[in-house]
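Please take a look at the sequence and the 3D structure below. We will walk through them together, one place at a time.

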Amino acid sequence: MNQPETAAMPARVESSQSERVTAAGWKALGGSVIGYAMDGFDLLILGFMLPAISADLGLTNALAGSLVTCTLIGAVAGGIVFGSLSDHFGRIRVLTWTILLFAVFTGLCGLARGYWDLVAYRMIAGLGLGGEFGIGMALAAEAWPASKRARVSSYVALGWQAGVLLAATVTPILLPAIGWRGMFAAGLLPALVAFVVRRTLDEPEIFVRKHAGKRENSFRMLIKNAETARTSFGIAVLCSVQNFGYYGIMIWMPSYLSSSLGFSVTRSSVWTAATALGMAAGVWVFGQLADRIGRKPVLIAFQLSSVAMVLLYSRLTEPRALLWAGALMGVGINGMMGGLGALMSEAYPTAARATAQNVLFNIGRAVGGLGPLAIGALSARYSFHAAIGLLASIYVVDVAATIWLIPELKGKPLE
């Protein structure tokens, strides 16, 4: 009578073990989070420093916004190059290269003598920034079990918010003391991270087992058939909307709060911190729900909330209202980051996983890089609130792309 139950026990034990996160999985997560935090820190201190840089170098708002855009253009190129290299030569080695490149040229920004050499440094630093995201996401997804894949992707994305919060915390303290050039010098810290990453992490087992030594065309695998091409296009739309909304709001809000509402650097930092905390909460909640309910329904729910909250936010001017509404808006507009990494990991095989993460997300960064320019131009012609209100329409496009182009991949084993 007990034999069937006894026979089933090894299967249950094996299943339970397969759901455990190994020590290598935790280390992979830690390395990915730290690298992504440095990215968030760098881009957000740039947002805080734009007024100081503009005053020192005599830049217009459009030229100042282009510093962010050029960084993101470099990120697109870096994502394409380093994602493919990672699929061929390994996650850890190439991740180290990207962090070092990003660190060195971020530090060199502090030595810039004018607009053009600063643009060059920002663009080269962007090469490293663009490579880190996809490699870190692939590394974490491959090291964690399928039932927790959206959660681990959200944890990696939370690294960005940790960097944003760090920027909001230290900038009011350090910027008056060391200036914008000194702040860029702090970007050398990722070089130390690169050393730790290279010394402590191991290649994921699935990469070693299924792909080591192979030389496949990872770019072609993103469009290998009509179904895959449709999924790739849909994910590119999702990444574009997420980045456009994020950069359009987060890069210009500190300057807007300062120039239009008289916020000091400290008060602007409080707003940024509150919004970043809302974004972090959204990312965490998304990962929890997506592993339990599914990727598509949670995506649609967050996209609809973004439409509502961005419209509401565009009508507010009172400082306290901007604070709490910014936090709630952050939940929607950045919470979706908790699922994009998992979605891209599940949609493509190991031989193209980092390429997909980097190419598709950095296509989104390229489009998102237009966000600061668009917001700056629209706010100059109309008003900042009108420019923010127009952002609501792009999340409607997001809903349509999710419904018709994105497959449900919850629990799918990695190929």
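T98 has its place in helix α4 (residues 91–108); helices here are DSSP runs of H or I with at least four residues, strands are runs of E with at least two, and both are numbered from the N terminus. The model is a predicted one, in which local features need pLDDT of at least 70 and side-chain atom pairs count only at pLDDT 80 or more, while totals for chains, interfaces and linings use all residues. Residues are numbered from 1 along each chain as its sequence is written, and side-chain values use heavy atoms, with hydrogens and water left out.

Is T98 buried or exposed? Its relative accessibility is 0%, so T98 counts as buried (buried means under 20% relative accessible area, exposed over 50%, partly exposed in between, with a 1.4 Å probe and protein chains only). Setting aside neighbours within four places in sequence, T98 is in contact with F82, G128, G131, E132 and I135, where contact means heavy atoms within 4.5 Å.

Now step back to the protein chain. Its secondary structure comes to 18 helices and zero strands. Of its 415 residues, 57% are buried. Among contacts with a separation of 6 or more, 86% are between residues 24 or more positions apart.

Helix α6 is the place of G163. At 1% relative accessibility, G163 counts as buried. Which residues does G163 touch, not counting those up to four places away in sequence? They are A37, G40 and F41. V33 lies 130 residues from G163 along the chain, yet 9.6 Å separates their C-alpha atoms.

Next comes α16 (residues 370–381). With twelve residues at 1.5 Å each, this helix should span 16 Å, and its end C-alpha atoms are 16 Å apart, which agrees; the expected span is 1.5 Å times one less than the number of residues. The buried residues of α16 are G371, P372, I375 and G376. They cover an arc of only 130° around the axis, which puts them on the same side of α16 (the arc is that of the directions from the helix axis to the C-beta atoms). What covers these buried residues includes α3 (61–89), α9, α15 and α17 (384–390). On the face turned away from the buried side, α16 carries the exposed residues A380 and R381.

Finally, the empty spaces. Rolling a probe the size of a water molecule over the atoms shows where empty space is left. On a 1 Å grid over the protein atoms alone, a cavity is a set of points where a 1.4 Å probe fits but cannot get out, a pocket is an open set with protein on both sides within 12 Å along at least five of seven lines, and lining residues have an atom within 4 Å of a point. Grid points are joined across faces, edges and corners, and a volume is the space filled by probe spheres set on the points.

The largest pocket holds about 430 Å³ of space. It is lined by 23 residues, of which E142, A143, W144, E205 and I206 lie nearest its centre. Helix α2 gives the most to this lining, with four residues.
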